[in-house]
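Subject: Structure handover

Hello,

Here is the structure I promised to pass on. Please open it alongside this note; my findings follow below.

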Amino acid sequence: MHQQPTPPSIVDERPPWDSRDWFPADGAATARRTVGAPAPAQSPGPKAATGHARPPAPGRGSRPTAAPPVRTPRGNRTAPELPPAHAALICVALPGLAVSGDGQLAGQGLDGFYRGGRRLLSRCQVRVAGREPLAVQARMTGADSARFVGTLRASPSAGPDPDVVVERTRRADGTERITLRNAAARPLKLPLEIALGTDLAELGTIASGRTGPELPATVHDSGLRWATAGAAASVTADPPPSDALASAGLLRWELEVPPGGTAAVELRVRLDGAGPLRTAGHATAPFAPAGATGDDHRVAPLLRAAVADLQGLLLRDPAHPTDTHLAAGAPWRCGLAPAEALAAARMALPLGTRLAAGTLRTLARTQLPDRSPRPGMIPGPRRDAGPLLPPGCTGTEATLLFPVLLAEARRWGLPEQETRELLPAAERCLAWLRATAGDGPYLHDPQPGGPARCETQAHAYRAALLGADLLDAYGRPGAVELRQWARALQAAFRAEFWVADRGGGRPAAALAPDGRPMPHLVSTTVHLLDTGLLGSGRLAPGLLDPVQTEHLARLLGTPAMDAGWGLRGLGAKEAGHNPFGHRTGAVRVHDTALAIAGLAAAGYEKEAGGLLRGLLDAGEHFGHRLPEMFAGEQRTTGSAPLAHPAACRPAATAAASVIMMLTSLAGIRPDTPARTVTLCPVRSAPLGELVLTGLRVAGAPFAVRVGRLGLAMVEEAADGLQLGV
């Protein structure tokens with residue numbers, strides 16, 4: 001089978017946030033690169049292939065009440081600072097990307113058109129009659145397009161009113177249409193100049209601040225062309241310019257515009273040797289046309305934007321183009337990140353199982369073979385965990401998510417033949433789990449000698465239970481042993497991970513390598529509430545007992561964790577809290593949505609409703625396009641959420657979280673093999689009436705209505721699908 005390259009391990013010079021996953025090259029297998037790290041010259045060794053961090057120093061993380069240590073880059077070198085992305089309009093239709101500010105691409109920061117991770121055009125500045133238009137509007141018109149409007153006065157007698165409107169429509173596929181509209185009462189002869197330039201830099205180079213000067217241009221066809229040792233790009237114009245100056249990178253037109261009329265120029269940015277951009281999202285459309293309506297006006301645009309963002313983030317496996325998966329996010333993580341791809345596909349199951357199937361097949365081909373040091377593992381890069389814990393291995397998370405996604409996709413309607421074909425890969429993941437855990441109850445991360453993280457135990461326990469259920473369904477061995485190990489993990493976790501305090505206690509963030517609990521209150525504990533779906537509409541049991549679950553639910557609803565916009569990564573009263581810390585206080589949308597769904601399923605509707613309304617309010621401030629994270633500043637009257645300058649927006653897990661969050665209000669729990677679907681709606685109906693249409697269960701359209709009294713009704717479903725009890 002086709003083996004994709006495995007990611008290089010992350011170096012100490014990485015910036016203090018998650019590993020960045022760059023674009024895959026067009027027509028090449030997916031690869032990842034770290035900020036500031038050059039591309040590997042050869043295939044990485046076993047350690048790089050598994051993506052593991054080095055074991056922590058003895059005692060690291062064992063004094064949780066102390067101030068967190070400050071990481072210093074090796075050699076006292078300053079860590080690279082990412083260009084800010086929070087104010088940019090990011091048009092995404094991978095592998096195409098267009099990043100803009102107010103319309104003029106000035107060649108600074110992230111500005112530009114990209115394809116496959118390379119910036120094809122960094123500067124595109126428009127001047128009309130010798131002047132730059134005054135920017136009056138910049139907004140997204142879709143996940144892959146943006147509209148910019150500027151004005152100017154071309155007539156001396158126009159007074160204060162503009163008489164020329166300049167509209168620019170920019171798309172991720174590398175096209176831009178510039179339209180001049182004459183609002184004057186007489187014809188206008190308007191000189192139009194477009195200054196173009198590029199450095200043909202790769203996104204990783206831009207992120208590390210190591211871009212070079214603009215390249216010299218040559219006149220080519222009806223535009224300009226730039227070339228460097230590894231690539232070349234061109235811009236062509238329609239209609240052709242009347243003049244092209246290569247030395248200045250300038251195209252010129254003399255446009256005659258009648259009163260009330262328009263004149264337009266279209267630019268096409270192309271990578272030499274590549275045809276027109278064919279995006280995975282528009283070619284395969286693996287998502288159902290889901291929609292939402294109801295008493296809360298925000299649900300419709302939020303779901304619409306989420307589905308569009310997922311469409312724009314789709315990538316194909318180049319060797320198997322019918323298999324699609326999601327990139328982690330734009331602009332920084334436009335390649336395959338296994339854990340995020342699996343998590344997003346799982347949350348998107350209400351839109352159908354095609355994405356899940358493509359993601360599972362793609363990652364099955366990366367699974368480490370039997371002859372490797374860690375057979376059955378799905379490799380992934382290390383993820384920074386902030387100052388309280390050493391970096392974790394996303395390969396561990398991905399390997400544990402694989403059998404869970406397969407088991408739940410089967411419940412949602414993944415065809416039996418596809419399930420059977422993927423079952424051997426899931427069995428290898430489960431065998432890796434048992435071999436790695438060994439005789440102990442916990443799964444440590446990184447291996448060997450790392451801490452036992454709370455969320456890792458939740459992932460492992462869920463994988464064991466759902467994996468055992470999957471094995472039983474197909475008469476495969478190993479289910480008894482998995483359940484036995486899960487029971488041992490549950491007993492040990494309840495006894496050793498629970499930290500008693502005056503408020504009733506809390507789950508530890510992790511157990512240090514010496515066994516001492518790290519009692520910080522962190523958002524990753526929400527994974528304890530995400531127990532997974534079994535048959536007959538039943539949720540799997542969790543690691544916590546009912547009393548512990550209640551204490552955790554109450555903690556998640558306190559101001560220490562709920563910032564009013566969502567769930568903080570680290571409690572506001574904890575040592576080392578930073579509202580902008582990606583793991584130490586920022587609101588992470590994925591964790592917040594998991595909390596909403598988990599709390600609602602466990603019956604803690606007040607806490608779930610508070611987080612839900614806060615996240616919807618935040619979504620409105622972000623134009624219904626939620627970023628992966630934003631600052632965890634406490635909400636006050638009249639305040640607005642603060643953007644995180646390094647956050648991806650769009651992000652796959654944030655977009656898919658919207659789908660999980662809204663469908664959890666209806667409590668949709670399908671069991672396609674049994675031809676049933678169970679509804680467990682949130683009885684308090686926190687958003688009033690909610691209607692979800694265009695979902696898919698058992699391979700057919702599915703629609704559900706939740707009334708203001710919290711009662712749910714199926715309005716459309718597959719033939720023969722029965723309502724479960």
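Gly 107 is in contact with Ser 122 and Arg 123, leaving aside its neighbours within four places in sequence. Contact means heavy atoms within 4.5 Å. Gly 107 sits in the loop between β3 (105-106) and β4 (112-115). Helices (H or I, at least four residues) and strands (E, at least two) are DSSP runs, numbered from the N terminus. Gly 107 is partly exposed, with a relative accessible area of 32%. The scale is this: buried is under 20% relative accessible area, exposed is over 50%, and partly exposed is in between (1.4 Å probe, protein chains only). Gln 125 is 18 residues from Gly 107 in sequence, and their C-alpha atoms are 9.3 Å apart in space.

Two notes on the source. This is a predicted model, where local features need pLDDT of at least 70, side-chain atom pairs count only at pLDDT 80 or more, and totals for chains, interfaces and linings use all residues. Residues are numbered from 1 along each chain as its sequence is written, and side-chain values use heavy atoms, with hydrogens and water left out.

The whole protein

The protein has 14 helices and 35 strands. Of its 725 residues, 61% count as buried. Take the contacts in the protein with a separation of 6 or more: 66% of them come from residues 24 or more positions apart. The protein exposes about 27000 Å², and carbon and sulfur atoms supply 52% of that. The areas come from the Shrake-Rupley method with a 1.4 Å probe; for residues, only the protein chains shown count as cover.

The cores

A nonpolar core is a set of buried Ala, Val, Leu, Ile, Met, Phe, Trp, Tyr and Cys residues joined through side-chain atoms within 4.5 Å. The largest has 166 residues. Leu 326, Phe 402, Leu 433, Leu 599, Ile 668 and Phe 702 touch the most other members. Apart from it lies another core, of 42 residues, among them Ala 146, Phe 148, Ile 178 and Val 235.

Helix α6

Why is helix α6 (residues 354-364) described as largely enclosed by the rest of the structure? Nine of its 11 residues are buried, so the rest of the structure largely encloses it. Among the nine are Leu 355, Gly 358, Thr 362 and Ala 364.

Aromatic pairs

Rings of Phe, Tyr and Trp (its six-membered ring) pair if their centres lie within 6.5 Å; planes under 30 degrees apart count as stacked, over 60 as edge-to-face and the rest as tilted. By this rule there are three aromatic pairs. Phe 493 and Phe 497 have ring centres 4.3 Å apart and planes at 10 degrees, so this pair is stacked. Both residues are buried: Phe 493 at 1% relative accessibility, Phe 497 at 0%. Phe 622 and Phe 630 form a tilted pair, 5.3 Å centre to centre with 45 degrees between the planes. Phe 622 is buried at 9%, and Phe 630 is buried at 0%. Tyr 442, Phe 493 and Phe 497 form one aromatic cluster.

Ser 664 in helix α14

Ser 664 lies in α14 (residues 652-666). Its relative accessibility is 15%, so Ser 664 counts as buried. The side chain of Ser 664 reaches the backbone oxygen of Met 661 at 2.7 Å. Ser 664 also touches Ala 597 and Val 682, not counting residues up to four places away in sequence.

Strands

Two strands pair if DSSP finds at least two bridges between them. Three strands form an open sheet in the order β30-β31-β35, with mixed pairing. β30 (668-671) and β35 (722-723) are the edge strands, each pairing on one side only. Four bridges join β30 to β31 (residues 676-679), and these two run antiparallel. Asp 671 stands opposite Thr 676 in β31.

β33 (residues 700-706) and β34 (residues 712-716) also pair in the antiparallel sense, over four bridges. Val 706 stands opposite Ala 712 in β34. β33 and β34 form a hairpin with five residues between them. Gly 710 in the turn has a positive phi of about 80 degrees.

Best wishes

Definitions and conventions: A polar contact is a pair of N or O atoms within 3.5 Å; within protein, one must be able to donate a hydrogen and the other to accept it, and residues adjacent in sequence count only if both atoms are side-chain atoms.
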